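Here is the note you asked for on this model, written as numbered points. Please keep the sequence and the structure open beside it while you read.

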Amino acid sequence: MWTSIDVGRAGRTAIVAAGLVAAVATSAFAFDNMTAEQREALEANAAAAEPGQASGSGDAGGRTIFDGVYTEEQADRGMEFFGTDCATCHSNTARGSSAAPGLIGYTLDSKYADQPLYNYFDYMRANMPPGNAGWFTDEEYADITAYLLELHGAPAGDTELAGTEEALSSITIVPTP
């Protein structure tokens with residue numbers, strides 16, 4: 001049971017400042033650990049999204065995260081992995097905490113908009129969990145990705161999301177409709 005302690009105004013200020021420093025520091029590290037290939041992919045997609053140029057979401061026949069690209073069963077498996085290995089930092093809702101940034105909502109709608117789902121998956125695989133990247137198999141990272149898509153509001157479909165570059169590169173992250 002929680003009990004209240006009077007830490008005073010200076011104590012509250014220090015606690016808030018520490019939380020802000022942790023949030024800013026965590027967000028800054030999100031791009032520091034990227035490989036050269038990941039940076040090039042982000043830059044290429046950013047250039048393609050500039051005004052007057054075609055964006056990745058307009059590809060003929062391309063699928064988006066809202067086209068039922070995972071199954072409910074896969075998202076359920078991903079929920080188990082997320083709950084044991086990711087929620088401690090990113091919160092149970094994946095919307096972030098003072099320890100780590102959100103993984104859905106703004107992150108998908110803005111930071112990864114008009115990029116292939118592979119970029120999101122590859123960053124996760126190359127950096128998470130911190131200090132133990134690559135802990136999961138590609139299929140397990142795909143399960144976690146499916147769960148995050150479910151939390152983001154993307155509907156499930158009839159085919160599992162494959163944890164391959166080819167499959168994930170054919171799916172575009174687009175802002176929530």
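The points below begin with the basis of the model and the chain as a whole, and then turn to one helix and its surroundings.

1. The model is predicted, so local features are given only where pLDDT is at least 70 and side-chain atom pairs count only at pLDDT 80 or more, while totals for chains, interfaces and linings use all residues. Residues are numbered from 1 along each chain as its sequence is written, and side-chain values use heavy atoms, with hydrogens and water left out.

2. The chain has 8 helices and 3 strands, where helices (H or I, at least four residues) and strands (E, at least two) are DSSP runs numbered from the N terminus. Read along the sequence, these elements follow the pattern α-α-β-α-α-α-β-α-α-α-β. Of the 177 residues, 36% count as buried, a word that stands for under 20% relative accessible area with a 1.4 Å probe and protein chains only, whereas exposed is over 50% and partly exposed lies in between. Contact means heavy atoms within 4.5 Å, and among contacts between residues at least 6 apart in sequence, 70% join residues at least 24 apart.

3. Helix 7 covers residues 138-152, and its 15 residues should span 21 Å at 1.5 Å a residue, which agrees with the 21 Å between its end C-alpha atoms; the expected span is 1.5 Å times one less than the number of residues. Its buried residues are Y141, A142, D143, I144, T145, A146, Y147, L148, L149 and H152. What covers them includes helix 3 (72-85), helix 5 (106-111) and helix 6 (117-127).

4. Leaving aside its neighbours within four places in sequence, L148 is in contact with F82, A94, L103, I104, Y120 and M124.

5. Two packed helices are described by the angle between their axes and the distance between the axes. The axes of helix 3 and helix 7 come within 7 Å and cross at roughly 100°; axes are lines fitted to C-alpha atoms, for helices over the stretch in contact, and angles run from 0 to 180 degrees between N-to-C directions. The two helices are therefore roughly perpendicular, the term for 65 to 115 degrees, with under 35 counted as roughly parallel, over 145 as roughly antiparallel and the rest as oblique.

6. Helix 7 is followed by G153, whose phi is positive, near 105°. A154 lies in the loop between helix 7 and helix 8 (165-169), and A154 is buried, with a relative accessible area of 3%. Leaving aside its neighbours within four places in sequence, A154 is in contact with I65, F66, Y70 and L149.

7. Most residues other than glycine have a negative phi, and most peptide bonds are trans. S91, which is not a glycine, has a positive phi of about 75°.
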